[in-house]
Amino acid sequence: MSIRAEPASGSRECFTWILATPALVAGYVLLRPLTAAWHEAPDLGHGWAAPVLMGFLWYERWAERPVWRARAPVGIVDGVIAVGAVTADAGLQLFLVPYPLWSLALSAHVIVIVGLVLYAAAKLGGRAGVGWVAAPLGLLPAVVPWPAAIQSGIIMPLRTVIAQFAAEVCNLMGAPALAVGTSVRLANDWVGIDEACGGIRSLQAGVMLALFLGEWSRFRWGRRVALVGVSLGAAVVGNAGRVFFLAYAATQGPGNVERVHDTAGWVSMMISLALTVVTALLWRRGRSAPAVVNPARVAPLSRGLRGTRVIWLAGTAGGALLTVYLVDRWYDSASRTHAGESWQWTVAMPANLGTYRAEPLGDLAKETLQPDAYLAGAWTAGDRRYSAYYVEWRRGQRARFVPFAHNPTVCLPYGGAVLTDSLGVTELEWEGYALPFHAYRFVRAGEDMTVVFMIWDPWKGEPLARSENATWWQALRQRWIDVRNAQRDQPAQLLTFTVFDHEPIERVLAGARRLLATPAP
């Protein structure tokens with residue numbers, strides 16, 4: 001009868017160092033699209049802390065790393081899985097270069113890479129290897145863009161309730177206030193009008209912190225879920241406090257909201273995160289520290305080593321790096337730069353009018369839009385009030401989604417305006433081009449508004465494709481065309497013109513036409 005020997009203590013070091021290089025490669029491949037999303041989306045600014053927190057969790061449980069499995073050969077099935085995963089992720093990366101905030105593709109990318117890493121951990125360390133590697137990766141759901149349905153179906157209704165609460169409190173304190181969508185109108189100022197269509201900035205950051213604290217404290221799953229619920233509630237409470245504070249500041253005189261806006265945002269976020277931390281610390285009190293395995297002695301890597309697994313890991317890591325290189329080469333070598341092409345039109349505001357007042361872009365709106373050029377102003381002529389703003393994107397991918405997520409049809413309703421009539425699309429002839437303006441009528445706080453706007457693709461000399469109006473198949477086909485054409489950059493122009501009255505659409509378009517100008521050579 002043979003006796004099966006236990007793995008040598010050096011097998012722990014073997015597991016660690018054999019997995020180390022492929023793990024670093026996987027982290028690099030995983031983070032490339034994620035960091036692009038964090039750069040584009042203001043609500044994901046906290047994502048940069050995720051790698052640090054995950055690294056801390058692995059460091060904190062370093063002594064618990066599993067032993068190397070001496071008998072786990074690599075076969076044809078393992079090779080097929082590796083090739084399939086690397087190939088699938090290459091396709092996802094091709095789409096994520098021009099569409100970095102496509103939540104479905106980004107989530108699929110994360111699932112593919114994490115799944116491949118866990119599969120490798122299982123080959124090296126079995127179930128214990130999967131558990132040791134997987135635990136810190138639980139922070140990733142908090143740093144990917146959440147589906148738009150969550151924003152429109154949950155977050156925005158919550159912000160509407162918060163605005164109503166703040167308005168009621170102001171009225172009880174003797175300061176007349178009216179909740180208008182997600183913003184609050186007071187006698188001296190507006191609160192929340194700039195971020196009317198934004199989310200709750202601390203929401204996903206609070207979820208990430210709750211996931212981290214739950215893993216660090218080794219809470220049971222029920223308590224971890226409860227801590228996530230606490231973080232969501234704390235974010236809502238913090239945002240409510242911010243809105244109320246700004247509303248109170250507005251009652252103290254005009255201009256106060258702008259002076260304390262940023263401070264209020266940071267304080268509310270810190271309070272929200274502090275509530276989550278305090279809750280976790282209270283739940284942690286009295287809990288004994290988890291038992292850990294004594295650190296392993298360093299031993300030669302040859303103990304229990306199987307060459308096929310090393311070759312499989314090296315081949316998989318090399319294939320993943322090759323896909324990154326090929327994706328970059330595809331966009332670098334075939335990208336349409338359009339450096340020599342001129343744009344068809346630009347905008348000249350009526351700055352010579354004595355009533356014209358330029359309206360600079362607020363910090364929050366600037367962070368949300370991230371424009372390469374911006375002009376905005378308001379003026380009066382006769383008994384009419386007018387306003388217009390022009391946004392221009394030249395490089396990067398923001399124009400693929402920002403103009404469609406932040407235009408009058410989206411932002412005005414969240415700012416309290418009620419859509420009363422959709423007037424369709426009217427083409428305005430200008431310098432040989434048919435410029436299609438979308439026209440709408442709104443009412444906000446009893447004031448009529450007639451609004452026209454246009455989103456234009458200056459490279460193609462035509463309207464920018466409106467993917468939100470397409471079927472999923474049409475949207476996927478359009479995205480594939482962009483991938484096929486290696487179109488890394490997408491320029492766009494957004495022009496919005498508003499008449500604060502129930503004006504005939506012909507007169508409104510005539511006013512928009514007067515803003516158009518020929519670009520300088």
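Leu-34 touches Leu-106, Val-110, Leu-140, Val-143 and Val-144, leaving aside residues up to four places away in sequence, where touching, or contact, means heavy atoms within 4.5 Å. The model in which these contacts are found is a predicted one, so local features need pLDDT of at least 70 and side-chain atom pairs count only at pLDDT 80 or more, while totals for chains, interfaces and linings use all residues. Residues are numbered from 1 along each chain as its sequence is written, and side-chain values use heavy atoms, with hydrogens and water left out.

Leu-34 also belongs to the largest nonpolar core, which has 52 residues and in which Leu-34, Val-110, Val-133, Leu-139, Leu-140, Met-208 and Phe-212 have the most contacts. A nonpolar core is a set of buried Ala, Val, Leu, Ile, Met, Phe, Trp, Tyr and Cys residues joined through side-chain atoms within 4.5 Å, and buried means under 20% relative accessible area, with exposed meaning over 50% and partly exposed lying in between (1.4 Å probe, protein chains only). At least two residues of this core come from each of several helices, including α1 (10–40), α2 (50–60), α4 (103–137) and α9 (307–334), and α4 gives the most, with 12 residues. A second, separate core of 27 residues includes Tyr-386, Leu-428, Val-452 and Val-508. In soluble globular proteins, nonpolar side chains tend to be buried together.

Stepping back to the whole protein, the reader can find 14 helices and 13 strands; helices (H or I, at least four residues) and strands (E, at least two) are DSSP runs, numbered from the N terminus. Of the 521 residues, 47% count as buried, and among contacts between residues at least 6 apart in sequence, 74% join residues at least 24 apart.

Helix α3, residues 76–96, has 21 residues and reaches 30 Å from its first C-alpha to its last, close to the 30 Å expected at 1.5 Å a residue, the expected span being 1.5 Å times one less than the number of residues. Among the buried residues of α3 are Asp-78, Val-86, Leu-92 and Phe-95.

In helix α7 (residues 221–251) the reader will find Arg-224, which counts as buried because its relative accessibility is 17%. Setting aside residues up to four places away in sequence, Arg-224 touches Gly-214, Glu-215, Arg-218 and Phe-219.

In helix α8, by contrast, Val-267 counts as partly exposed because its relative accessibility is 42%. Ala-274 is also placed in α8, and its C-alpha atom is separated by 10.0 Å from that of Leu-209, 65 residues apart along the chain.

In one of them the side chains of Arg-385 and Glu-447 meet (2.4 Å, N to O), linking strand β7 (residues 384–393) with strand β10 (residues 447–457) across 62 residues. Another joins the side chains of Arg-400 and Asp-482 (2.8 Å, N to O); Arg-400 lies in the loop between β7 and α11 (402–405) and Asp-482 in helix α13 (residues 472–484), so the pair ties together parts that are 82 residues apart in sequence. Both Arg-400 and Asp-482 are buried. Finally, Glu-503 and Arg-507 meet in a salt bridge (3.1 Å, N to O), and a network of salt bridges links Asp-383, Arg-384, Asp-501, Glu-503 and Arg-507.

How values were computed:
Salt bridge = Lys/Arg side-chain N within 4 Å of Asp/Glu carboxyl O.
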